[in-house]
Amino acid sequence: MQIAIYGAGYVGLVSAVCLAKLGHHVICFDTNVAKINFLCAGQCPIYEAQLPEMLNEQMHNGQLKFTHIIEDITAADIHIIATGTPSLADGHADISQVLEVAKLIVHRAQDDVILVIKSTVPVGTADKLDDLLKQELITSQKGFCCHIVSNPEFLREGTAIKDFLFADRIIIGGAEYGLLQLKTMYQPLIKTGIPIISMSRNSAELSKYSANVLLANKISFINKISEIAEAYAANIDEVSQGIGLDRRIGSDFLQAGIGYGGSCFPKDVRALTQIAQVKNIDATLIQSIDNVNKVQQKWAVTQLSKHFANNNLSLKIGIWGLAFKPGTDDIREASSIEIIKSLLKCGARLNLFDPVALINTQELFAAETAITWSKSACEVLEDHLDALIIATEWPVFKNFCLHTLKEKLGYAPIFDGRNCFDLMKIKAAKLAYYYSVGRPAIKYSEE
Ligand code: UDX
């Protein structure tokens, strides 16, 4: 099939590459000229496993093209909208880019259009868009139809290609003709046994929010339990294992830590709260997921204040990890950013390192003179730190030699926001102070 994708962000880019891999002819449009030029030169604008190789492979064999010139899209069997839907100040998702692109597609069309919404949009958006476009088609006296299908995307950063090609399920929402076209497009995946579920557009849109919010809920739940575990000297790792083996609960997304970040969970929890509230539905349950997360992102700073007791945090603090999770250079809503901002406010001097997210963080704090940017995990420790915070569980930190850590840190405490280390190993290495989330603090004294 000929497929046009609008938006070369995470979802647009990964979908473009994977649909080309499935044998379709894909053209991906974005108004960001610099990004398109970068892609046309075979460069990948995001850090994502397998993406650069597949991008080049598909461009090289002629299946995939990029453009910032809308006229380059001459014909397409399916038009996929994958533009961003950022949070507005009140938590609502801003769907203006989706609407703009949809109008553009219909305006340029000469025949029936299959329009797919892949962006995460508030429930009811596709139906509203349908009414709007029908009206435009009548006004402009165009004698064709626009079939709108909702097709939410569930890929995770860091494993995006795998999540697309080996999805747990594909959800499509709409009327029969549009759904049929999407089933044809996804045929190579359906053939491998991936279930495709047809439903109404509203259900498809709500499924996307529900999946993300339920996962965010699991994280906030285990983080709240971790607070109780800390207060009662229980161990959250043991609790997670104990409840996760119940098949009704499942062990995924029960890793306690300093909260969730990224481009989806924070935004989608807020958007679903708004979606409920505009219909006068009590959204306390959903809202508290966000509230718990905000408190959890402060965990390291709270522990640090307790440890140093005097609330004077004008210390030299090292931070390992800046990305919102390992496997990505994305720092959107990352817990590390909240920690950095709080500590800078308290007058701390910081020494930061991340294996891939350093450049993005440098851009964000370009004018900040209290930050030193280290080139390795070890370099952070060379600076006679007063404390070390671990904000992302990159393997390079998890595998770091504990004896070196002890030697470099001396009596400086570690605040491990991602529970990277086994407590027995920490004890054996005789680290002076080790605090982790929802687990007993480990203290060692020479006497
Ligand atoms: C998420 C959804 O998983 C994906 O289906 C959707 O399409 C987009 O949003 P992503 O944001 O890439 O994907 O990352 P994910 O792996 O879900 O992690 C999100 C955040 O939760 C990270 O900050 C991670 O550190 C945190 N997390 C995850 C935990 O704190 N504990 C866990 O047990 C799991």
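1. One of the ligand's oxygen atoms sits 3.0 Å from a backbone N or O atom of Gly261. That is a polar contact (a pair of N or O atoms within 3.5 Å). The protein covers 91% of the 660 Å² of accessible area that the ligand has on its own. Accessible areas come from the Shrake-Rupley method with a 1.4 Å probe.

2. A note on the basis. This is a predicted model: local features need pLDDT of at least 70, side-chain atom pairs count only at pLDDT 80 or more, and totals for chains, interfaces and linings use all residues. Residues are numbered from 1 along each chain as its sequence is written, and side-chain values use heavy atoms, with hydrogens and water left out.

3. For Phe154, a backbone N or O atom lies 2.7 Å from a ligand oxygen atom. For Lys208, a side-chain N or O atom is 3.3 Å from an oxygen atom of the ligand.

4. The shell. There are 18 residues around the ligand, and Phe154, Leu155, Glu157, Gln255 and Lys325 come nearest. A residue is near if one of its heavy atoms lies within 4 Å of the molecule. By class, nine residues are nonpolar, three polar and six charged. Gly counts as polar here. Helix 9 (residues 201–231) gives the largest share, three residues. Helices are DSSP runs (H or I, at least four residues).

5. Helix packing. Helix 1 (residues 10–21) packs on helix 3 (residues 51–60) at about 55°, with axes 10 Å apart.

Key:
Polar contact = N/O pair within 3.5 Å; in protein donor to acceptor, adjacent residues only side chain to side chain. Helix = DSSP H or I, 4+ residues; strand = E, 2+ residues; numbered from the N terminus. Axes fitted to C-alpha atoms, helices over the stretch in contact; angles between N-to-C directions.
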